Amino acid sequence: MAIRTIEIARSGDMVVEKKYGMTVEEFRTDHLYPLKPVVLADATAHWPARKLFTPEFFRSRFGQREIEVDGKHYPLAEFIDRLYASTPENPAPYPGKLLLNRDFPELLEYIRPRIKYSVPDRIGNRWIPESFLCGASTHEIFFGSPGGSFPYVHYDYMGLHAWINQLVGEKEFIVVPPWDGQYLYPDPNDPWKSMVGDLKHPDLDRFPLVANATVLSFVVGPGETMFIPNGWWHTTVSKSVTISVALDQLCGSNWNRFREEVRWKFADSHPAKGAVAQAYLRALGPVLSVQERFKRAS
Ligand SMILES: O=C(O)CCC(=O)C(=O)O
Ligand SMILES: [Fe+2]
């Protein structure tokens, strides 16, 4: 049992909890396999980044490097100044993202070892062609500021689970369970994206079905980690200057969903390739599961 559990959001029967001192087994049984979101209060306590990754650190060490936001490029120092000048009425653009694997590999050592709950991860496994992952970037830093909201409500690509580790400041998460996606008006061109802009104050004349959706919102603070299982719709709003590190995870619990998404990815252009990929992944899944079980036991 977790040492301490606090309910942080409720809508009808649906609850989101924050847990301290969860065991890995408890996480797997209560959250990973049932696909139930949770906030882990102490999953990154061992990361040097918890103390190191401050706006000042990025300004002084990497101020001249560029950050791309919404197709525009800013020197990081200038972008950090904009974060401090941001107000809810006039927020700085969001999300300002750094891709760690690609552009800042020297920072990866500060977010190691990987959080134990998010192991195993099959992203990067040599038996999984990179093209199947559609460029999912596995380690990203997000910089936010008061009122900076993620531009749309969505669920993540390729059936991946998301781990959003809050290092600095407070970020509000707004989440909706997968089965209520039917009330969120998915964009016909991008069905993983909802056309409803603001879930907390929806335009009910345009989107009347939203009234049926279970919407849970809560704030995740410094040192806390949000686990968003695949298929859960979500968006965020920063309450202060924020720094988060986001990771993705692919494992046995979302393998079937990943396989489906790979099939859809090829459905229009290369259906035969999609069928082969599907058969290959169906055979690979159990092999990886056995390997992972041995690793956990050793
Ligand atoms: O931390 C956030 O603002 C959410 C990021 C997110 O959902 C994503 O990149 O898919
Ligand atoms: Fe996301």
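Helices (H or I, at least four residues) and strands (E, at least two) are DSSP runs, numbered from the N terminus. The model is predicted: local features need pLDDT of at least 70, and side-chain atom pairs count only at pLDDT 80 or more, while totals for chains, interfaces and linings use all residues. Residues are numbered from 1 along each chain as its sequence is written, and side-chain values use heavy atoms, without hydrogens and water.

**Exercise 1.** Locate Asn254 and state whether Asn254 is buried or exposed.

*Solution.*
- Start with position: Asn254 sits in the loop between E15 and helix H6 (255-267).
- Next, accessibility. Asn254 has a relative accessible area of 0%, so Asn254 is buried (under 20%; exposed is over 50%, partly exposed in between; 1.4 Å probe, protein chains only).
- Then list contacts (heavy atoms within 4.5 Å). Beyond neighbours within four places in sequence, Asn254 touches Gly159, Leu160, His161, Asn230 and Gln249.
- Last, the side chain: one of its polar atoms lies 2.9 Å from the backbone oxygen of Gln249.

**Exercise 2.** Describe how helix H3 (residues 55-62) packs on helix H4 (residues 76-85).

*Solution.*
- Take the geometry: the angle is about 155° and the axes are 8 Å apart.
- Classify: H3 is therefore roughly antiparallel to H4 (angles over 145 degrees).
- Name the residues. Pro55, Phe58, Arg59 and Phe62 of H3 meet Leu76, Ala77, Ile80, Asp81 and Tyr84 of H4.
- Sort by class: seven are nonpolar, none polar and two charged.

**Exercise 3.** Find the buried residues of helix H1 (residues 24-32) and what covers them.

*Solution.*
- The buried residues are Glu26, Phe27, Arg28, His31 and Leu32.
- Their cover includes strand E2 (14-20), strand E8 (161-168) and helix H7 (271-297).

Terms used. Chains are lettered from A and ligands numbered from 1 in the order in which they are written. A polar contact is a pair of N or O atoms within 3.5 Å; within protein, one must be able to donate a hydrogen and the other to accept it, and residues adjacent in sequence count only if both atoms are side-chain atoms. Axes are lines fitted to C-alpha atoms, for helices over the stretch in contact, and angles run from 0 to 180 degrees between N-to-C directions. Angles under 35 degrees count as roughly parallel, over 145 as roughly antiparallel, 65 to 115 as roughly perpendicular and the rest as oblique. Ala, Val, Leu, Ile, Met, Phe, Trp, Tyr, Cys and Pro count as nonpolar, Asp, Glu, Lys and Arg as charged, and the others, Gly among them, as polar.
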